[in-house]
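Colleague: I have just opened a structure that is new to me, and I would like to learn how to read its features one by one. Could you go through them with me?

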Amino acid sequence: MNKIILIIPYFGAFNNYFELWLESAKKNSRVDFLIVTDNNKPQELTSNIIWKEKIFQEIIEKINEIVCEFKPKIKEPYKLCEYRPLYGKIFKEYIMGYEFWGYCDIDLIFGNFDSFINEKKLEKFDKFYSRGHLTFYRNNDFFENLYKYEDCRMPVTYKEAWTTNYCCHFDEMPIWDTIIEENGYRCYNDIDFADIDIKSYLFQLAMGKDTAKAKQLYYKNGERLYRYYIDGKLNKKEILYVHLQKRTMKIDMNSSIKDDYFIIPNRFVQFNKLYSLEKFIEENSKEIIWKEYYKRRIKEIVNNIRKGALRMRWIRYKRKFVCLKNKKMAENLIH
């Protein structure tokens, strides 16, 4: 048995490059991936891919069974992201025996876990990464019940997040790391990955400063994944994964190619040997007005308002005010 299990509940059709995600997961044989889905099981799965066929309603019933003090709202599969801190209980039967449990997205391509997560780090840290696209925790009672924690510094509590149809990103709140470390645990947050900014057609990093907007592309070669970027000269850096959030990707290569390709905006391609790599990057770094983003963003705003975004914004401001008030009262008592 491996030490880490990542849980991916997914209902409905997978994206068109799911096979590439799956292949990159297969190659990380020291990490187990639990896929809970209503999709049929593919052939030729490796031993680290655990496939469980369930329907969405079964997960809802399990959540209702665990969260019995109020009625959770979960009308669509996307809202499951809000319940990720609860996965330790929802999928408890599957995580027994593992040292760490967590979750990840399927709109990414993995490199090599072993290049970044070694035994020394697993002994030293209790939580890895803060973004929803990949996070995992030590398998103990503290992290299993972390979702219940209530603090005025939190934008929302689990009760608030789980009683609205609006997605509050409860699992990604920055304050979680502060709370975890205040309780004596340690968090690992090195930026070992490339989180691609959804607002730009070109690949630009949403996190990190130095070369975030440099002309860049990504290369999957066997188990490993590299970021190539131009910063005065051509640079190469190995990364754990690239996150292609909300991007429509085309696959312009032979269907038999699964682990030797380039990722460019917004395609998976084989390298054209007529080009130098620098020219290849230049040719695929021409900015365009990305209509797809603006259309999607307008639709998201409208849907978020319908689902209760304005109410949740008011709750967040109210909690922030209470937190500031408590802080000021504490300061007055000291003086």
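Modeller: What follows is a walk from the whole chain to single sheets, strands and residues.

Modeller: Please keep in mind that this is a predicted model, in which local features need pLDDT of at least 70 and side-chain atom pairs count only at pLDDT 80 or more, while totals for chains, interfaces and linings use all residues. Residues are numbered from 1 along each chain as its sequence is written, and side-chain values use heavy atoms, with hydrogens and water left out.

Colleague: How many helices and strands are there in the protein?

Modeller: Helices (H or I, at least four residues) and strands (E, at least two) are DSSP runs, numbered from the N terminus. By that reading the protein has 11 helices and 16 strands. Its radius of gyration, taken over C-alpha atoms, is 21 Å, close to the 20 Å that the globule rule (2.2 Å times the number of residues to the power 0.38) gives for 335 residues, so the protein is as compact as a globular protein of that length. Along its principal axes the C-alpha trace spans about 70 × 45 × 45 Å.

Colleague: What share of the residues in the protein is buried?

Modeller: Buried means under 20% relative accessible area, exposed over 50%, and partly exposed in between, with a 1.4 Å probe and protein chains only. Buried residues make up 51% of the 335 residues. As for contacts, which mean heavy atoms within 4.5 Å, residues 24 or more positions apart account for 64% of those with a separation of 6 or more.

Colleague: Which order do the strands take in the open sheet of seven strands?

Modeller: Strands of a sheet pair through backbone hydrogen bonds, either parallel or antiparallel. Here two strands are said to pair if DSSP finds at least two bridges between them. The seven-stranded open sheet has the order 3-2-1-4-7-6-8, with mixed pairing. Its edge strands are strand 3 (49-53) and strand 8 (187-188), each of which pairs on one side only.

Colleague: Which strands pair with strand 4, and in what sense?

Modeller: Strand 4 (residues 100-104) pairs with strand 7 (residues 134-138) in the antiparallel sense over five bridges, while four bridges join strand 4 to strand 1 (residues 4-10), and these two run parallel. Trp101 has Tyr137 of strand 7 as its bridge partner.

Colleague: Which residues of strand 4 lie on one side and which on the other?

Modeller: In a regular strand the side chains alternate between the two faces of the sheet. In strand 4, Phe100, Gly102 and Cys104 are on one side and Trp101 and Tyr103 on the other, and all of them are buried, which leaves both faces covered. Helix 1 (residues 18-26) is also mostly covered, with eight of its nine residues buried, including Phe18, Trp21 and Leu22.

Colleague: Is Tyr137 buried or exposed, and which residues does Tyr137 touch?

Modeller: Tyr137, which lies in strand 7, has a relative accessible area of 5% and therefore counts as buried. Not counting residues up to four places away in sequence, Tyr137 touches Glu99, Phe100, Trp101, Tyr103, Asp126, Lys127 and Phe143. The C-alpha atoms of Tyr137 and Pro85, 52 residues apart along the chain, are separated by 9.5 Å.

Colleague: Where in the protein is Tyr129 found, and what is its phi?

Modeller: Tyr129 is found in the loop between strand 6 (127-128) and strand 7, and has a positive phi of about 70° although it is not a glycine. At 1% relative accessibility, Tyr129 counts as buried. Lys246, in the loop between strand 13 (241-243) and strand 14 (250-252), also has a positive phi, near 55°, but at 33% relative accessibility Lys246 counts as partly exposed.

Colleague: Which peptide bond is cis?

Modeller: The bond from Pro265 to Asn266 is cis, with omega near -20°. Asn266 has its place in the loop between strand 15 (260-264) and strand 16 (267-269).

Colleague: Which strands stand at the edges of the open sheet of three strands, and what is left without a neighbour?

Modeller: This sheet has the order 5-13-9, with mixed pairing. Strand 5 (108-110) and strand 9 (194-195) stand at the edges with a single partner strand each, so one side of each is left without a neighbour in the sheet. Strand 5 pairs with strand 13 in the antiparallel sense over three bridges, and Phe110 has Tyr241 of strand 13 as its bridge partner.
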